[in-house]
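Hi,

Here is the structure I promised to send over. Have a look at it first, then read on for what turned up.

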Amino acid sequence: MTRLRIFLSVALAAASGSAFAQEIRIAHIYGKTGALEAYAKQTQAGLQLGLEYATGGKMEVLGRKIVIIEKDDQIKPDIAKSALATAYGDDKADLAIGPTSSASALAMLPVAEEYKKILLVEPAVADSITGDRWNRYVFRTGRSSSQDAIAAAVATPPNAQIAMLAQDYAFGRDGVKAVKEALAAVGSKAQIVHEEYVPQATTDFTAAAQRMFDALKGKPGRKIIGIIWAGPNPVTKIADLKPERFGIELAPGGNILPVMKTWKDLAGVEGAIYYYYGFPKNKTNDWLVAEYKKRYGGTPPDFFVAGGMAAGIAVVEAVKKAGGTDTEKLIAAMEGLTFDSPKGAMTFRKEDHQALQAMYHFRIKKSQKDEWDLLELVREIPAKDIPLPVRNKR
């Protein structure tokens with residue numbers, strides 16, 4: 001009986017392995033529950049659309065069916081790390097995509113290196129992901145803090161005096177550091193005169209705002225509060241404190257549509273954004289906007305939907321070029337790979353596997369024809385105008 005059980009176990013394992021070989025198994029690890037749930041759901045929807053778009057609706061590549069293994073990391077680094085190990089080990093994932101949080105991503109990077117499998121980071125932003133914590137198994141379609149910052153620097157008025165508000169963790173601190181470096185990189189004379197870091201769950205910004213007001217009032221030139229924030233943005237709460245009485249302006253940066261539609265009283269404010277559905281003019285974005293509206297009750301695709309779609313397209317194109325899912329062949333195929341996205345072409349830079357991409361300088365509209373008609377394009381900032389530093393040391 002014992003020999004029979006062993007035989008059956010071996011036979012079942014062999015059958016399972018054979019079945020898996022006919023599939024492309026992609027683990028998607030993201031924060032389905034937690035503070036960034038809205039971002040996560042958008043990424044998941046975009047990933048599905050990207051895979052469909054890139055495969056012509058067949059959901060297969062090279063004759064192999066695409067299987068998505070979904071895992072919720074709850075925005076907790078320890079759960080994210082464990083989920084990735086399980087995906088690579090027990091679930092036999094060929095590669096993984098995610099996560100939503102930068103803290104989770106940093107916990108996951110060593111797991112990709114240990115299992116020698118690709119982790120395609122989308123949408124976690126911290127520079128250290130493709131910087132000093134990076135390894136060769138890590139690629140990123142999502143933008144980095146520096147890409148955000150350089151785009152913001154391009155959109156910042158010259159000689160501005162800036163106070164920065166950010167969350168007190170990797171995303172926020174990396175973001176402020178990146179803004180400082182970005183201002184220098186684009187030759188701006190604007191300068192950061194105050195940095196304010198608050199806990200992620202902060203809801204009362206009175207004290208933080210007062211410290212920023214005190215730091216800025218009386219300064220010459222344009223006075224701006226820049227905000228780097230993941231989750232419900234505090235811009236309206238700070239606006240309620242009347243910074244204009246000190247001649248202070250707000251520069252919230254881009255966010256998801258439900259947040260930005262609360263900014264109507266900030267008409268004329270400018271900033272930089274990763275994606276807004278009305279900006280890119282290409283067939284991929286046209287398809288995304290039309291298809292998303294069809295599936296989601298007329299709502300246009302948002303910030304993280306576009307990112308998820310870019311990740312899905314990148315995976316399909318990489319597997320095609322590599323001729324399969326062998327990790328070393330995927331790395332060779334992905335380094336320097338240019339692929340389509342709703343934002344136009346993106347390219348994985350060989351040095352750190354960061355996707356180079358366009359960003360957008362926007363202005364909040366004064367006249368909005370419907371609830372989602374929020375921004376006007378000042379200009380597209382092409383990748384060539386974003387001098388992104390290489391931060392990894394390997």
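N255 counts as buried, because its relative accessibility is 3% (buried means under 20% relative accessible area, exposed over 50%, partly exposed in between, with a 1.4 Å probe and protein chains only). You'll find N255 in the loop between strand 10 (248–251) and helix 9 (257–260). Helices (H or I, at least four residues) and strands (E, at least two) are DSSP runs, numbered from the N terminus. Leaving out residues up to four places away in sequence, N255 touches Y39, W229, G231, N233, M260, W263, I273, D302 and F303, where contact means heavy atoms within 4.5 Å.

Before going further: this is a predicted model, where local features need pLDDT of at least 70, side-chain atom pairs count only at pLDDT 80 or more, and totals for chains, interfaces and linings use all residues. Residues are numbered from 1 along each chain as its sequence is written, and side-chain values use heavy atoms, with hydrogens and water left out.

Next, a helix pair. The axes of helix 2 (residues 37–54) and helix 11 (residues 303–322) come within 6 Å and cross at roughly 40° (axes are lines fitted to C-alpha atoms, for helices over the stretch in contact, and angles run from 0 to 180 degrees between N-to-C directions). That makes helix 2 oblique to helix 11; angles under 35 degrees count as roughly parallel, over 145 as roughly antiparallel, 65 to 115 as roughly perpendicular and the rest as oblique. On the helix 2 side, the residues that meet helix 11 include Y39, Q42 and T43, and on the helix 11 side they include F303, F304 and V305. By class, this contact of helix 2 with helix 11 has 13 nonpolar, 6 polar and 1 charged residues (Ala, Val, Leu, Ile, Met, Phe, Trp, Tyr, Cys and Pro count as nonpolar, Asp, Glu, Lys and Arg as charged, and the others, Gly among them, as polar).

Now compare helix 3 (residues 77–89) and helix 4 (residues 102–115): their axes come within 8 Å and cross at roughly 30°. Helix 3 and helix 4 are therefore roughly parallel to each other. Their contact has 11 nonpolar, 2 polar and 1 charged residues.

Strand 1 (residues 23–30) runs parallel to strand 3 (residues 64–72), joined by 8 bridges.

Cheers

Terms used: Two strands pair if DSSP finds at least two bridges between them.
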